[in-house]
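This report looks at how two chains meet in a predicted model. Please view the sequence and the structure below before reading on.

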Amino acid sequence: MENENNKLSDNNSNIGYLCTGKQCAMALGKKNAIRIIATNGVENSILTYEQLDALSDIDANVFEHMGLLPGNQVFIYLPRLLDYYPLFLGALKANLVVCPLFSNFGPDALIDRLSGSTPKVIVTKGSLSGRIEKILSKVSNLHAVIVIDENISGNPIIRSLEELRSRVPKTYAIRSTKPDTPSILHFTSGSTGKPKGVQHIHGAAQGILQSFQEVMQPLPDDLFWCTADPGWVTGTSYGIIAPLLSGLTLLQFEGSFDPEAWFKIIENNSVNLLYTAPTVLRMMMQNYEIDYKKFDLRSLRNIFSVGEPLNPEIYHWGLQKLGREIYDTWFQTETGSIMIANRPGLEIKPGSMGKPRNGVQPEIFDDNDKPTNTEEVGKLVLKVPWNSMFIDYVGATEAYRSKFRQGYYVTGDLAKKDADGYFWFVGRDDDVINTSGHLVSPFEVESCLLELAEIVDVGVIAAPDNLLWEKVVAFIKLANNTEWTNRLGLKFKLHVSNRLSSVAIPAEFVVVDTIPKNRSGKILRRVLRAQYNGEDPGDLSTMEE
Amino acid sequence: MDIGVLNDVFKEVFDDTSLTITRETTADNVDGWDSMTHILLISSIEEKFGIEFSQKEVIKFKTVGDLLDSINLKLP
């Protein structure tokens, strides 16, 4: 879909400017940029492009007047509230690096991400500030914690956004920003070690916009709803940047998932494009009590999905119950934008990832890094560069370099390509768990469980799940004189939920006498997987006696 | 049963000693109350009060008041 706004020809690559000031310069100042639906599903708050530009100018000044310099990190630990957007764009205007944090993270998950970074400011809200205060002593370089909705006194490091905003000039002279200037830092989980910070740049806006236009094919007056939390790459690339670069109105809902409420929002607000996750769609599919045909969905042109593979059952359910195809898309935190996708105009093969977008060249490699034959499973790799590519794992440049082979980026996913050029996701090439669209590190869950006195050893794996795609399963060795009870299991789950995140809660515990490890002490997860699935564990010669 | 007793369960599940619930409280008013923690909340209530909820009941609770009424109906 061609649109006069689909190329970023401006000399300034600053994402904050391109999403606000540039849109105003294109006579969209009076148009609604953001519509936030309150938790009751009815009340809404709106910011026009003009208002968003003005507020993000103020927030850019807030950060600069606090002494922050280009390249400093601003962590945003907030749910989808109206203030999120000017803060996010204001920090980008000031050439700061924005680090969004999933608002459901507990103290352990926060420490893992903050301690390996150089945070200057954390922005949060009053009810979440307690979690930040618990870990303040473990975070270095912290200049201030800005609270958006309360005046908290007592701790001089905690500042009120309202008060800070009242002290700074209303206008901001936008910084000239080159495409290779660092912009957003998202964290991604690996099989081992702490989460890695994936560094993106302002120039990625071109890839985000191009992918949005090619895959989602928006019309100028569309209302676009991306349900992802801005703590994840989908929530920033498509929940904020893509619709604003395109001059659309984006919609967000402050409430939690409720299928009936969501469909009422689509109906009442005439949402045109919906971007959501397969787990959400599966939860809708399994809620047999709701008759989705009762909703007026005439405005809803297309539904897109991302995060985990979209199984054919959901595709067929969408056709039958919603009267629409659901288009699956694939990308990663590292790719910054959609790489492979189903989209309107492309014949859908249910269950496939679709085809690459323009300018993206995926291949399937075998173990010797040679292209495989059609239909043969191998490593999914992407030819470098592409126009929204990450530039580093911050503080882990060796790990970054290790992701590239012979001019290709190795995604860590396994896939195959069919004779028609469609790609098919098969699984992960590592131990990372993809549960309800979130990547969870087994290492993080193991570390968290080992904090409990009742557990002396643990190994965590992914297991298939009908709702979540994959679930977290923890093999545990209990301490002497500790007996397994359901009550103990509940205690373990609460610990993971509160210290790490609700997405990392083990769905199952398996009590064992030993955790299989190799002679250097590395957990043999393939042995645990085989044990869980009742399969042959294969070669055990490296296993510790 | 008094709402204060249920409030203690909420404080433990959501790790927030300052949390105060009312009959009108919903998932949208409590940080971290999502579909995953909802299951933990229900399990904690079942464990604490020695009662059980059906899957249908679990889905239908919209407010703390709904939950409290259901608990009181199940308690001897």
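## Charged pairs across the contact

D31(B) and K125(A) form a salt bridge, with their closest N and O atoms 3.1 Å apart, where a salt bridge is a side-chain nitrogen of Lys or Arg within 4 Å of a carboxyl oxygen of Asp or Glu. Across the interface of chain B and chain A, 5 salt bridges are found by this rule.

## The side of chain B

Two or more residues each come from α1 (3-13), α2 (35-49) and α3 (55-60) of chain B on the side that touches chain A, and α2(B) gives the largest share, 7 residues. Helices here are DSSP runs (H or I, at least four residues), numbered from the N terminus.

## Extent of the interface

The contact (heavy atoms within 4.5 Å) takes 22 residues from chain A and 21 residues from chain B.

## Confidence and conventions

Chain A has an average pLDDT, the predictor's confidence in each residue from 0 to 100, of 93, and 98% of its residues score at least 70. Over residues 1-5 of chain A, however, the pLDDT is below 50, although this stretch has 14 contacts in the model beyond near neighbours in sequence. Where pLDDT is low, the predicted coordinates should not be read in detail.

Residues are numbered from 1 along each chain as its sequence is written, while chains are lettered from A and ligands numbered from 1 in the order in which they are written. In this predicted model local features need pLDDT of at least 70, side-chain atom pairs count only at pLDDT 80 or more, and totals for chains, interfaces and linings use all residues, while side-chain values use heavy atoms, with hydrogens and water left out.
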